[in-house]
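Biologist: I am new to reading structures. Can we go through one together, feature by feature?

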Amino acid sequence: LDGQRFFTAATLAQMTTTLAQGFDRVLLIDTAFSAGFMRDPTRPDGTKERKIFGPSPLAFGHPGAGGSHAFADPEHRLSFAYVMNQ
């Protein structure tokens, strides 16, 4: 923001690297997680199964209760958050 960086390259790498992926027995879908964030799961060929967080393979974020949603796409330098007050 305005030329200021808030995360180091090492921290950003942890945010964008999938650490765990598999079937979620609560959500009943495949999920993937990095360090602290949800990611779109990938197929064995490396393509994304879904694009909840956008088309970039580096995108990450997390949905929340009641429709809240936030994501960041470092490749396209884009982020978005939607949060309700109820």
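Biologist: Where does phenylalanine 6 lie?

Modeller: Keep in mind that this is a predicted model. Phenylalanine 6 lies in the segment before helix H1, which spans 9–16.

Biologist: Is phenylalanine 6 buried or exposed?

Modeller: Exposed means over 50% relative accessible area. Phenylalanine 6 has 55% relative accessibility, so it counts as exposed.

Biologist: Now the strands. In which sense do S1 and S2 pair?

Modeller: A general idea comes first. In a regular strand, side chains alternate between the two faces of the sheet. Here, strand S1 (residues 20–24) and strand S2 (residues 29–33) pair in the antiparallel sense. Five bridges join the pair. Aspartate 24 stands opposite isoleucine 29 in S2.

Biologist: How many residues sit between the strands of this hairpin?

Modeller: Four residues sit between S1 and S2. Look at leucine 28 in this hairpin: it takes a positive phi near 65°.

Biologist: Where is serine 56 placed?

Modeller: Serine 56 is in the loop between strand S3 (38–39) and strand S4 (60–63).

Biologist: Why does serine 56 count as buried?

Modeller: Buried means under 20% relative accessible area. Serine 56 has 1% relative accessibility, so it counts as buried.

Biologist: Which residues does serine 56 touch?

Modeller: Leave out residues up to four places away in sequence, and serine 56 touches Lys48, Asp73, Glu75 and His76. With glutamate 75, the side chain of serine 56 makes a polar contact of 2.6 Å.

Key: Residues are numbered from 1 along each chain as its sequence is written. This is a predicted model: local features need pLDDT of at least 70, side-chain atom pairs count only at pLDDT 80 or more; totals for chains, interfaces and linings use all residues. Side-chain values use heavy atoms; hydrogens and water are left out. Helices (H or I, at least four residues) and strands (E, at least two) are DSSP runs, numbered from the N terminus. Buried means under 20% relative accessible area, exposed over 50%, partly exposed in between (1.4 Å probe, protein chains only). A polar contact is a pair of N or O atoms within 3.5 Å; within protein, one must be able to donate a hydrogen and the other to accept it, and residues adjacent in sequence count only if both atoms are side-chain atoms. Contact means heavy atoms within 4.5 Å. Two strands pair if DSSP finds at least two bridges between them.
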